[in-house]
Amino acid sequence: MSQGLLRQDGGGVDTPFTPDILARNFEQIVFFNEYDGNFSGRGGASPLRRWEDPVRMEVIFGASVPPSRRKSDTDDVNRYARRLARATGHPVSAVGQPNFLVIIASEDDRSETLMQAATRVPGISAASLRALRDMRRDTYCAVAAYAAGPNANVYTAAVAVIRAENPDLLRLSCIHEELAQGMGLANDSPAARPSIFNDDDEFALLTDHDELLLQMLYDPRLRPGMSATEAAPITRIIARELLGGPL
């Protein structure tokens, strides 16, 4: 923070972006995966993926997380779920049988907490959570989304893991990034600014730019399974509509 990183202002006059930049960032963040399935290397190109059913989030804590921390982190997740719903226009809540689990646990109790997750959501098994269980020590947080239905590009479940050892702002930053990535913004891009989908850590929390990416992702003119080439003419129209540029 003393270096001007982990900003919480959502971007400002120093971070302008045009419709073309927004569309380009959308392409880089939506149509590529940040990691492979083991979180050990970069992922490759991907079709557009998102949810069709309502997203229902629940927070599960490791045994070492104290009650006061549990309340504040749960409040942060619930508040952010409402923001994701507003940005996407898609139902996101903390009500009902969960299909998006948010695990906040320490290194010592993460494995045990993930075992609980494997019993809570259909389509998630202990084996499918192995990569999250074996998360590298220098990884602050991660998310895995699953498509167990007939369409491999429609998410039906997700699990985010956030280290309880992270300081307060870093935990909140993880909530913002991983839950948005679990909605379908699966990649990071060094060109994205102002954005949390950039490994430079300039921004800690979801920015105005990122909310527009979420709005674009759930625009009904796009559909799960579209390639970047198929979507490009449409995303450029949407970006110009959102930012008021010429069509």
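This passage walks through the fold of one protein chain, from its overall build down to a few single residues. The model is a predicted one, so local features need pLDDT of at least 70 and side-chain atom pairs count only at pLDDT 80 or more, while totals for chains, interfaces and linings use all residues. Residues are numbered from 1 along each chain as its sequence is written, and side-chain values use heavy atoms, with hydrogens and water left out.

Let's start with the whole chain. It has seven helices and seven strands; these are DSSP runs, numbered from the N terminus, with helices being H or I runs of at least four residues and strands being E runs of at least two. Read from the N terminus, the order of the elements is α-β-β-α-β-β-α-α-β-β-β-α-α-α. The radius of gyration is 17 Å, close to the 18 Å that the globule rule gives for 247 residues, so the chain is as compact as a globular protein of that length. (The radius is taken over C-alpha atoms, and the rule is 2.2 Å times the number of residues to the power 0.38.) Along the principal axes, the C-alpha atoms fill a box of roughly 55 × 50 × 35 Å. Of the 247 residues, 51% count as buried, where buried means under 20% relative accessible area, exposed means over 50%, and partly exposed is in between, using a 1.4 Å probe and protein chains only. As for contacts (heavy atoms within 4.5 Å), take those with a separation of 6 or more: residues 24 or more positions apart account for 65% of them.

Next comes strand β4, which spans residues 100-105 and has six of its six residues buried. Both of its faces are covered, with Phe100, Val102 and Ile104 on one side and Leu101, Ile103 and Ala105 on the other. What are its neighbours? Strand β2 (residues 55-61) pairs with β4 in the parallel sense over five bridges, and strand β7 (residues 157-163) pairs with β4, also in the parallel sense, over six bridges. Pairing here means that DSSP finds at least two bridges between two strands. Ile60 has Ile103 of β4 as its bridge partner, while Ala105 has Arg163 of β7.

Helix α3 (residues 110-118) has a buried side made up of Arg110, Thr113, Leu114, Ala117 and Ala118. These residues cover an arc of only 150° around the axis, which puts them on the same side of α3; the arc is that of the directions from the helix axis to the C-beta atoms. The general idea is handy here: an α-helix has 3.6 residues a turn, so residues three or four places apart point the same way. On the face of α3 turned away from the buried side sit the exposed residues Glu112 and Met115. The cover over the buried residues of α3 includes β2, β4, α4 (130-133) and β7.

The structure also holds one disulfide, which here means a pair of cysteine sulfur atoms within 2.5 Å. It joins Cys141 to Cys174, with an S to S distance of 2.2 Å. Cys141 sits in strand β5 (residues 141-146) and Cys174 in helix α5 (residues 168-181), so the pair links distant parts of the chain, 33 residues apart. The torsion about the S-S bond of Cys141 and Cys174 is about -80°, so the disulfide is left-handed. Both Cys141 and Cys174 are buried.

His90 lies in the loop between α2 (67-88) and β3 (92-93), and it is buried, with a relative accessible area of 10%. A polar atom of its side chain lies 2.7 Å from the backbone oxygen of Asp53. Leaving out residues up to four places away in sequence, His90 touches Trp51, Glu52, Asp53, Pro54, Val55, Ala85, Met183 and Tyr218.

Most residues other than glycine have a negative phi, and most peptide bonds are trans. The peptide bond from Arg193 to Pro194, though, is cis, with omega near 0°. Pro194 is found in the loop between α5 and α6 (208-217), and Asp201 is found in the loop between α5 and α6 as well. Asp201 has a positive phi, near 65°, and is partly exposed, with a relative accessible area of 41%. Leu6 has a positive phi too, near 55°. Leu6 lies in the segment before α1 (19-30) and counts as partly exposed at 22% relative accessibility.

Technical notes: A polar contact is a pair of N or O atoms within 3.5 Å; within protein, one must be able to donate a hydrogen and the other to accept it, and residues adjacent in sequence count only if both atoms are side-chain atoms.
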